[in-house]
Amino acid sequence: MSALPIITLPDPLLRKVSKPVETVDAELLKLADDMLETMYDAPGIGLAAVQVGVPKRLIVLDVSEDDDTPRPMTLINPEVLKIDGERTRMHEEGCLSIPDFRLEIERPASIVVGYLDREGKPQELPAEGLLATALQHEIDHLNGKLIIDFLSRLKRDIVVRKFKKMAREASA
């Protein structure tokens, strides 16, 4: 396994809708393993393939709170099948592609996600709390949506300008 570079705002790839995975093969599973290593190194609790420059519908997560017992998850072609529209949850979210930026976001507290597992078998995952939030955040990435999209246009433009300026300064 090897850590991969994480692309950051304002990279336009972050706004692309990721393509469905056609085949679960050794190459895809290696990408998933490398993404897990990247996520743990960052450190983060979730990572979408597009964040490492691969616009495929693949996410990895680990929301376990015990560092001694990691619970890595790999979800291929994840999609939200059911949303509990009654209950919501506020959570301060960060994003590995928008370093040092956090935002309080309200999302559904309970969802069901359908996906393919590492063997290519269809699965359903009921999720609540932090897992539900992390799944929605990463699936948003697959759809070209970022946490800054929850801001007003004015505030979002300010954040984007800041990251564009940082990118210019880093390449100078």
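These are my notes on what I looked up in this structure.

**Ground rules.** I'm working with a predicted model, where local features need pLDDT of at least 70, side-chain atom pairs count only at pLDDT 80 or more, and totals for chains, interfaces and linings use all residues. Residues are numbered from 1 along each chain as its sequence is written, and side-chain values use heavy atoms, with hydrogens and water left out.

**The sheet.** I started with the strands (DSSP runs of E, at least two residues; helices are runs of H or I, at least four; both numbered from the N terminus). Five of them form an open sheet in the order β1-β2-β3-β6-β7, with antiparallel pairing. To count as paired, two strands need at least two DSSP bridges between them. β1 (46–48) and β7 stand at the edges with a single partner strand each, so one side of each has no neighbour in the sheet. From one strand to the next, the twist averages 40°. Angles here run from 0 to 180 degrees between N-to-C directions, with axes fitted as lines to C-alpha atoms, for helices over the stretch in contact.

I then checked β3 and β6, which pair antiparallel over five bridges. V80 has V113 in β6 as its bridge partner. Helix α1 (residues 26–41) packs on the sheet and touches β1, β2 and β3 (contact means heavy atoms within 4.5 Å). The direction of α1 makes about 40° with that of β2.

**The hairpin.** β4 and β5 form a hairpin with two residues between them. Eight bridges join β4 (residues 88–95) to β5 (residues 98–108), and the two run antiparallel. I found G94 opposite R102 in β5.

**The cores.** A nonpolar core is a set of buried Ala, Val, Leu, Ile, Met, Phe, Trp, Tyr and Cys residues joined through side-chain atoms within 4.5 Å. Buried means under 20% relative accessible area, exposed over 50%, partly exposed in between (1.4 Å probe, protein chains only). The largest core has 18 residues, and I59, L61, L75, L125, L131 and L135 have the most contacts inside it. Its largest share, six residues, comes from α2. Looking at L131, I see it touching L61, V63, M73 and L125, leaving aside residues up to four places away in sequence.

**H141.** Is H141 buried or exposed? It counts as buried because its relative accessibility is 1%. H141 sits in helix α2 (residues 129–142). Beyond four places in sequence, H141 touches L14, K16, A48, V50, Q51, C95 and L146.
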